[in-house]
Amino acid sequence: MEILKIENLEKTFGNNEVLKGISLDVNMGDVISIIGASGSGKSTFLRCINQLEEPTGGHIYFKGEDLTNPKANLKAARTKMAMVFQNFNLYNNLNVLENCTLAPIKVLKKSRDEAEKAARENLKKVGMDPYEKALPSHLSGGQKQRVAIARALSMEPDIMLFDEPTSALDPEMVEEVLNIMIDLAKSGMTMLVVTHEMHFARDVSNRVIFVDKGLIEEEGSPEEIFNNPKKERTKEFLHKILLV
């Protein structure tokens with residue numbers, strides 16, 4: 001069942017045309033990896049979906065509602081589209097449990113007891129339940145990102161948007177975050193993942209899109225993209241990145 005439909009999405013910053021008309025259909029349970037060179041528009045694309053960046057043109061339909069319509073209930077839609085950022089975006093003055101309960105209490109209007117119960121369950125899923133009283137400043141990068149994922153899950157999202165979730169991590173911490181994301185994919189969570197982790201894109205995704213210069217240059221199954229890319233630009237990118 002289709003959950004997200006993007007039609008001719010455009011985004012311009014001044015004279016810089018970053019997105020040049022991207023269209024994508026996302027079904028429930030899809031795990032879609034978005035790959036491409038730095039500066040190709042991948043993160044802007046993700047940020048436009050939940051309108052952290054306001055699109056310049058095009059349409060975004062989430063569960064049938066056009067979020068680009070001024071009358072759309074954008075606030076309600078955002079509660080069901082959880083975003084995980086590359087730099088964690090945790091509140092440094094709140095402990096781990098408080099980071100995970102703030103939005104459920106304020107936005108979802110959950111009671112504190114209800115919010116804390118759900119948060120503890122999600123922290124346990126990501127292996128961070130022993131750290132519920134810790135401040136973010138006392139955590140490693142991998143631990144912070146696992147808390148950020150638990151915080152996102154505590155909003156009970158229908159879809160999760162990951163913006164290069166491992167790019168700020170030391171190499172030994174990358175795997176612990178990817179393992180959490182693999183578990184989420186296996187659980188049926190719908191995920192859009194901007195990533196440089198090619199083994200995740202190849203082994204976990206059911207679809208891969210290659211973005212180049214603000215356009216989807218190629219899209220297909222991981223097998224099609226990695227084993228038999230049709231476009232020269234895709235071949236060049238994969239050849240470079242897989243040799244690194």
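**Asn 89 sits in the loop between strand 6 and helix 3.** This is a predicted model, in which local features need pLDDT of at least 70 and side-chain atom pairs count only at pLDDT 80 or more, while totals for chains, interfaces and linings use all residues. Residues are numbered from 1 along each chain as its sequence is written, and side-chain values use heavy atoms, with hydrogens and water left out. Helices (H or I, at least four residues) and strands (E, at least two) are DSSP runs, numbered from the N terminus. Asn 89 has a phi near 55°, a positive value in a residue other than glycine. Asn 89 counts as partly exposed because its relative accessibility is 40%; buried means under 20% relative accessible area, exposed over 50%, and partly exposed in between (1.4 Å probe, protein chains only).

**Glu 156 lies in the loop between helix 5 and strand 7.** Here is another residue to look at for its backbone angle. Glu 156 is not a glycine, although its phi is positive, at about 50°. With a relative accessibility of 42%, Glu 156 is classed as partly exposed.

**Gly 29 belongs to the loop between strand 2 (16-27) and strand 3 (31-35).** Setting aside residues up to four places away in sequence, Gly 29 touches Gly 188, Met 189 and Thr 190, where contact means heavy atoms within 4.5 Å. Gly 29 is partly exposed because its relative accessibility is 33%.

**The largest pocket holds about 590 Å³ of space.** Of its 19 lining residues, those closest to its centre are Arg 78, Met 81, Met 83, Ala 103 and Met 155. A pocket is an open set of points on a 1 Å grid over the protein atoms alone, where a 1.4 Å probe fits, with protein on both sides within 12 Å along at least five of seven lines, and lining residues have an atom within 4 Å of a point. Grid points are joined across faces, edges and corners, and the volume is the space filled by probe spheres set on the points. Helix 2 (74-79), strand 6 (81-84), helix 3 (96-106) and helix 5 (141-153) each give at least two residues to the lining, and helix 3 gives the most, with four. The lining has eleven nonpolar, four polar and four charged residues; Ala, Val, Leu, Ile, Met, Phe, Trp, Tyr, Cys and Pro count as nonpolar, Asp, Glu, Lys and Arg as charged, and the others, Gly among them, as polar.

**The largest nonpolar core has 35 residues, of which Ile 149, Met 160, Phe 162, Met 181 and Met 191 touch the most other members.** At least two residues of this core come from each of strand 6, helix 3, helix 4 (112-125), helix 5, strand 7 (159-163), helix 6 (171-186) and strand 8 (190-194). Helix 6 supplies the largest share, eight residues. A nonpolar core is a set of buried Ala, Val, Leu, Ile, Met, Phe, Trp, Tyr and Cys residues joined through side-chain atoms within 4.5 Å. In soluble globular proteins, nonpolar side chains tend to be buried together. Beyond its neighbours within four places in sequence, Met 191 is in contact with several residues, including Asp 30, Met 160, Phe 162, Met 181 and Phe 200.

**Ile 49 is part of helix 1 (residues 42-49).** Ile 49 is buried because its relative accessibility is 0%. Not counting residues up to four places away in sequence, Ile 49 touches Leu 4, Ile 6, Ile 60, Leu 67, Met 81, Leu 161 and Leu 192. From C-alpha to C-alpha, Ile 49 and Leu 19 are 12 Å apart in space, and in sequence they are 30 residues apart.

**Ile 216 is found in strand 10 (residues 215-220).** Its contacts, leaving out residues up to four places away in sequence, are Ile 22, Ser 23, Ile 209, Phe 210 and Val 211. Along the chain, 192 residues separate Ile 216 from Leu 24, yet their C-alpha atoms are 9.0 Å apart. A relative accessible area of 22% makes Ile 216 partly exposed.

**Cys 48 counts as buried, at 0% relative accessibility.** Cys 100 is also classed as buried, because its relative accessibility is 0%. How many disulfides are there? The count is zero, with a disulfide taken as a pair of cysteine sulfur atoms within 2.5 Å.
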